[in-house]
Amino acid sequence: MNTIKKEEFERLVIENQFSMYRLAMSILKNSNDAEDAVSETVLTAYEHLSSLKKNDSFKAWMMTILVNVSKKMLRKKKRVVLYDDLGLFEKSTDEGSCEMWEAVLTLNAKYAKVVILYYYEGFSTREIARILHIPEGTVKSRLSRARSKLQQII
């Protein structure tokens, strides 16, 4: 088992921070909560760095931790999801991309998560299934339903 050194960990976190924030936003729907989730994820990951089996699966490992941290935050707060801060982080300033990003954020969280992980982050359906702890068939059906909903929105 390889272990990542502190400098490599910092580099990988910086490299993936936008992706983590975007995923946290899709779950938590609030910028402050998303920032807290990313921070807690980094701390948790650093504390459990020895559990990372393969260095090349770092991003998927971090995203799994982030999903778990975000879900824990939602359970803890048991609050109504706020939609105030959704437009803060967009992948591109291109108007078409902004419109698509806004449409993705209007989706139910279970659909938004798979769309973001698949289209924005480039994970395979198998990787998404592992990250979200759901069957691969569920990922595929959620992607299909999300595409249909997005076509209706746009």
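Colleague: Why are α1 and α3 called oblique to each other?

Modeller: This is a predicted model, where local features need pLDDT of at least 70 and side-chain atom pairs count only at pLDDT 80 or more, while totals for chains, interfaces and linings use all residues. Residues are numbered from 1 along each chain as its sequence is written, and side-chain values use heavy atoms, leaving out hydrogens and water. The axes of α1 and α3 cross at roughly 40°. Angles under 35 degrees count as roughly parallel, over 145 as roughly antiparallel, 65 to 115 as roughly perpendicular and the rest as oblique, so α1 and α3 come out oblique.

Colleague: What makes the contact of α1 with α3, by residue class?

Modeller: It divides into 15 nonpolar, three polar and one charged. Ala, Val, Leu, Ile, Met, Phe, Trp, Tyr, Cys and Pro count as nonpolar, Asp, Glu, Lys and Arg as charged, and the others, Gly among them, as polar.

Colleague: And at what angle do α2 and α3 cross?

Modeller: Helix α2 (residues 31–47) and helix α3 (residues 58–77) have axes that come within 9 Å and cross at roughly 125°. That makes α2 oblique to α3.

Colleague: Which residues touch the most other members of the largest nonpolar core?

Modeller: F58, W61, L66 and L132, out of 48 residues. Such a core is a set of buried (under 20% relative accessible area, 1.4 Å probe, protein chains only) Ala, Val, Leu, Ile, Met, Phe, Trp, Tyr and Cys residues joined through side-chain atoms within 4.5 Å. α1 gives the most to this core, with ten residues.

Notes: Axes are lines fitted to C-alpha atoms, for helices over the stretch in contact, and angles run from 0 to 180 degrees between N-to-C directions. Helices (H or I, at least four residues) and strands (E, at least two) are DSSP runs, numbered from the N terminus. Buried means under 20% relative accessible area, exposed over 50%, partly exposed in between (1.4 Å probe, protein chains only).
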